[in-house]
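The following note sets out several points on the structure shown below.

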Amino acid sequence: MNLRELSESLGLSQTTVSRALNGYPEVREATRLRVQEAAKAANYLPNARARRLATGRAMSIGHVMVLNGREELVNPIFADFIAGAGEVYAREGYDLLLSMVPVEGAEAAYRQMAANASVDAVMVQAPTLDDPRVPLLQELGLPFLVHGRTAAPEGYSWLDVANVRAFRRATDLLLDLGHRRIALLNGQENLDFALRRRRGFEEAMAARGAAVHPEFMHAEVMTEQYGYRTACALLDRDDAPTAFVVSSIIPAIGVRRAAGERGLRTGRDVSIICHDDVLSYLDNDGINAPEGPAFTATRSSIRAAGRRCAEILLSLIDDPDQPPIQELWETDLTLGRSTGPAPS
């Protein structure tokens, strides 16, 4: 069925049907619902080119990935975020325009998107403390949303996890269990989320008068190999840590592997608490198992964050004059088999 046939079946003009399907405000709500129901029943999909012409929009959202060989985004966490955002884009008729550029090409990529009007908005991920993309996109006038935030979070829209509180709670739990030699395996600390997680860890340790050992503090791209390699070095020390706070379940698996090779039992000889992004294919080793999840973790679904970020970004396209939308998500602290009292 094409637009003309759908219009004739409803007894409406093609202009009215097109405007109803494309969300024009001057169409009455009753007419809009009638048109949408008829289109759904007939499996009618608007022509993408016609929709662009009717709305004056590109019907695309821009994502720019900077490639430098050590980029935090090149991992399963990024993939799950994109999957969540992509669900919303597809549902609302938007395409995802992914531009992969070298470090020196990032600014040019955003400027080209704005000059070509190839996207209606931009999603910003993995922000740094003073991220230059925020003032750049404000200058270009492109609607954007930051997944995370910067040191100055005012004046733009963002969605973030309460990273300071999450890692303070995680560290407090280990301190309550009697641990004092605690290692932090963090993400790259040029990224805002990692700096906030370090702050939460340090605040908890300071509040209890527990010493923060510089040699127990590490920051790197969050891979399994990073967790394994770093834990091997730490566990071979005479003053080895009795517990680890880890910024992702992925390096936490590496820590567990290193402990197992040394005959150490997690939850008894060494404790591990991590942040779990609830990855779609990595479910904390059977989180619904009767014995509980493998890792004690602060949990917040990255896929759900992707969906919500996309919803907010599309609302900014529809109403660009609204105030910035800012959401801070708390994490759930889930007890698993990887934590226990400090060994005597």
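1. Leu 145 stands opposite Ser 157 of strand S5. The model is a predicted one. Strand S4, which covers residues 144-147, pairs with S5 in the parallel sense, and 3 bridges join the two.

2. The pairing of S4 with S5 belongs to an open sheet of 6 strands, ordered S2-S1-S3-S4-S5-S11, in which the pairing is parallel. Strand S2 (95-102) and strand S11 (326-329) stand at the edges; each has a single partner strand, so one side of each is left without a neighbour in the sheet. On average, and with direction ignored, neighbouring strands of this sheet are turned by 20° against each other.

3. Ala 121 is part of strand S3, residues 121-125. Is Ala 121 buried or exposed? Its relative accessible area is 0%, and the limit for a buried residue is under 20%, so Ala 121 is buried. Leaving aside residues up to four places away in sequence, Ala 121 touches Ser 60, Ile 61, Gly 62, Pro 143, Leu 313 and Ile 317. Between the C-alpha atoms of Ala 121 and Trp 158 there are 14 Å, with 37 residues separating the two along the chain.

4. Thr 171 is found in helix H8, which spans residues 163-176. Because its relative accessibility is 0%, Thr 171 counts as buried. The residues that Thr 171 touches, again not counting those up to four places away in sequence, are Ile 182, Phe 201, Ala 204, Met 205 and Val 245.

5. How many cavities of 30 Å³ or more does a search of the whole structure find? The search finds 2. The largest cavity holds about 410 Å³ of space. Two or more residues of its lining come from each of helix H5 (76-91), strand S5 (157-161), helix H9 (192-207) and helix H12 (302-318).

6. The lining of the largest cavity consists of 26 residues. Those that lie nearest the centre of this cavity are Ile 77, His 147, Phe 193, Asp 277 and Ile 302. Divided by class, the lining has 11 nonpolar, 9 polar and 6 charged residues.

7. One element links two of the topics above. Strand S5 is a member of the open sheet, and strand S5 also gives two or more residues to the lining of the largest cavity.

How values were computed
Residues are numbered from 1 along each chain as its sequence is written. This is a predicted model: local features need pLDDT of at least 70, side-chain atom pairs count only at pLDDT 80 or more; totals for chains, interfaces and linings use all residues. Side-chain values use heavy atoms; hydrogens and water are left out. On a 1 Å grid over the protein atoms alone, a cavity is a set of points where a 1.4 Å probe fits but cannot get out, and a pocket is an open set with protein on both sides within 12 Å along at least five of seven lines; lining residues have an atom within 4 Å of a point. Grid points are joined across faces, edges and corners, and a volume is the space filled by probe spheres set on the points. Helices (H or I, at least four residues) and strands (E, at least two) are DSSP runs, numbered from the N terminus. Ala, Val, Leu, Ile, Met, Phe, Trp, Tyr, Cys and Pro count as nonpolar, Asp, Glu, Lys and Arg as charged, and the others, Gly among them, as polar. Buried means under 20% relative accessible area, exposed over 50%, partly exposed in between (1.4 Å probe, protein chains only). Contact means heavy atoms within 4.5 Å. Two strands pair if DSSP finds at least two bridges between them. Axes are lines fitted to C-alpha atoms, for helices over the stretch in contact, and angles run from 0 to 180 degrees between N-to-C directions.
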